[in-house]
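Colleague: Could you take me through this structure? I have not looked at it before.

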Amino acid sequence: MFCLHLTAVDHEDPQNLSLIRFNALWEAYYRHDSLLVYSTGRSPTIYRQLRNEKPLLTPDITIMSVGTEIAYGESMLPDYGWEQCFKLNWDRDVVTQETSKFPQLVPQSDTEQRPHKVSFFLEKPKSLEVIKALSERLEKHGLDVKIIYSNGTALDVLPKGAGKGQALAYLLKKFKANGRIPLNSLVCGDSGNDAELFTIPEVYGVMVSNAQEELLQWHAENAKNNPNIIHSTERCASGIIQAIGKFSLGPNVSPRDIRDFRKCRVNIFSPGHEVVKFYLFYERWRRAEVEKSDQLMENLKSSFYSLGTFVHPSGTEQPMNKCIDMMESLYGDKQGKQYCVWLDRVSTAQIGSDAWLVKFDKWESTGENRLCCLTTVLLTTKQVEEGFTWMHIHQTWLDGLEAKDQTVWLL
């Protein structure tokens with residue numbers, strides 16, 4: 001589980017390098033048996049905007065609005081049961097009335113005002129005084145609230161039983177009740193509203209290197225002797241990868257960190273890893289970041305069934321070997337451009353003793369232009385002693401993400 005703003009997403013990294021490193025790692029090694037959970041202070045509206053701007057993977061669970069809302073899957077199905085857990089002694093009207101008496105509190109946008117969250121901007125020099133006075137006023141009304149100050153600018157008023165930490169504890173309790181206790185849980189954060197995540201027993205935690213002062217101070221006062229919480233030396237999503245390695249939770253070398261798969265054999269026989277590896281090579285080929293060699297292309301062609309078919313998202317069919325020939329001719333056509341390819345929602349199903357069906361969303365972006373299609377690949381191990389053979393590829397445009405010029409989409 002990790003926060004989005006300045007934990008997964010590095011706004012100082014216009015190419016999103018650390019995020020796409022994490023994406024490749026997750027889809028290659030973790031998607032099939034792990035849960036990806038985002039925990040953000042943002043409202044559903046702003047969260048969706050961020051997903052449209054950044055190459056964020058689809059989470060299994062999303063905790064939003066500083067832990068007052070939980071939603072599941074791509075459709076973001078709300079968990080109304082969670083909201084029933086903290087409604088007692090919460091009166092939004094009273095909170096709004098009392099906060100209006102503090103001119104230092106500047107309301108955030110309407111999208112960030114939620115049924116169980118009232119949010120403001122507050123300058124840091126005034127924060128301690130305002131928080132103390134506001135707490136006393138709300139207590140006099142008999143309300144059970146918590147006031148969270150984060151990033152040196154944002155103040156949120158929530159029900160006392162809500163918050164990122166309580167939301168995580170609620171989910172872990174649900175997993176246990178359903179007999180699905182996680183083997184390991186890693187929480188990651190950067191600001192004060194993430195502190196609660198690190199209080200949950202039996203979780204590993206990482207504060208990314210760019211963590212805010214208030215989180216580091218909380219750690220020094222409350223958890224400095226906890227060996228399961230570290231302060232990474234890497235920013236944002238790279239810090240998450242570092243923590244996976246530090247705590248020995250599983251593979252921690254992203255496929256994007258491997259420059260030549262011929263020299264670095266990965267001892268994981270995984271259809272998910274296979275598709276991630278191929279499309280990483282596809283990106284590097286078009287960016288001219290790999291050697292242009294006949295031997296390299298011959299090796300690639302040997303992985304594709306000679307009579308295999310590719311169904312383009314436009315509906316046209318063509319032999320796969322023709323697609324590889326076209327790919328060969330496009331070497332370096334994206335060189336110097338902000339071009340990126342990433343996969344999301346990789347799922348695999350073994351449909352025979354030596355056959356797998358792999359489904360995923362394949363994304364391409366060039367600058368701000370983003371395209372995506374649902375991709376289904378049939379892989380077998382019949383044709384070669386090691387590795388997979390690509391037998392068939394079928395793609396379908398996702399609504400609103402199709403190419404205006406269908407010829408610009410190759411694979």
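Colleague: At what angle do the axes of helix α10 and helix α11 cross?

Modeller: Please note that this is a predicted model. In it, the axes of α10 (residues 294-301) and α11 (residues 320-329) cross at roughly 155° and come within 11 Å. Because an angle over 145 degrees counts as roughly antiparallel, α10 is described in that way relative to α11.

Colleague: Is that crossing left-handed or right-handed?

Modeller: The crossing of α10 past α11 is right-handed.

Colleague: Which residues meet there?

Modeller: From α10, Asp294, Met297, Leu300 and Lys301 meet Ile324, Asp325, Met327 and Glu328 of α11. By class, this contact of α10 with α11 has four nonpolar and four charged residues, with no polar ones.

Colleague: Now another helix pair. How do the axes of α1 and α8 cross?

Modeller: Helix α1 (residues 17-30) and helix α8 (residues 236-246) have axes that cross at roughly 40° and come within 7 Å. That angle makes α1 oblique to α8. The crossing of α1 past α8 is left-handed.

Colleague: And which residues make the contact?

Modeller: On the α1 side they are Ser18, Leu19, Arg21, Phe22, Leu25 and Tyr30, and on the α8 side Cys236, Ala237, Ser238, Ile240, Ile241 and Ile244. The contact of α1 with α8 divides into nine nonpolar, two polar and one charged residues.

Colleague: Let us turn to strands. What is the order in the open sheet of four strands?

Modeller: The order is β5-β6-β8-β7, and the pairing is antiparallel. At the edges are β5 (106-107) and β7 (145-150), each of which pairs on one side only. Two bridges link β5 to β6 (residues 118-121) in the antiparallel sense, and valine 106 has phenylalanine 121 of β6 as its bridge partner.

Colleague: Which helix packs on the sheet?

Modeller: Helix α5 (residues 127-140) does, touching β7 and β8 (154-159). The direction of α5 makes about 170° with that of β7.

Colleague: What does β12 pair with?

Modeller: Strand β12 (residues 304-311) pairs with β17 (residues 389-397) in the parallel sense over four bridges. Strand β12 also runs antiparallel to β13 (residues 317-319), joined by three bridges.

Colleague: How many residues lie between β12 and β13 in the hairpin?

Modeller: Five residues lie between them, and glycine 315 in the turn has a positive phi of about 105°.

Terms used: Residues are numbered from 1 along each chain as its sequence is written. This is a predicted model: local features need pLDDT of at least 70, side-chain atom pairs count only at pLDDT 80 or more; totals for chains, interfaces and linings use all residues. Side-chain values use heavy atoms; hydrogens and water are left out. Axes are lines fitted to C-alpha atoms, for helices over the stretch in contact, and angles run from 0 to 180 degrees between N-to-C directions. Angles under 35 degrees count as roughly parallel, over 145 as roughly antiparallel, 65 to 115 as roughly perpendicular and the rest as oblique. A crossing is left-handed if the near helix is turned anticlockwise from the far one by less than a right angle, and right-handed if clockwise. Contact means heavy atoms within 4.5 Å. Ala, Val, Leu, Ile, Met, Phe, Trp, Tyr, Cys and Pro count as nonpolar, Asp, Glu, Lys and Arg as charged, and the others, Gly among them, as polar. Two strands pair if DSSP finds at least two bridges between them.
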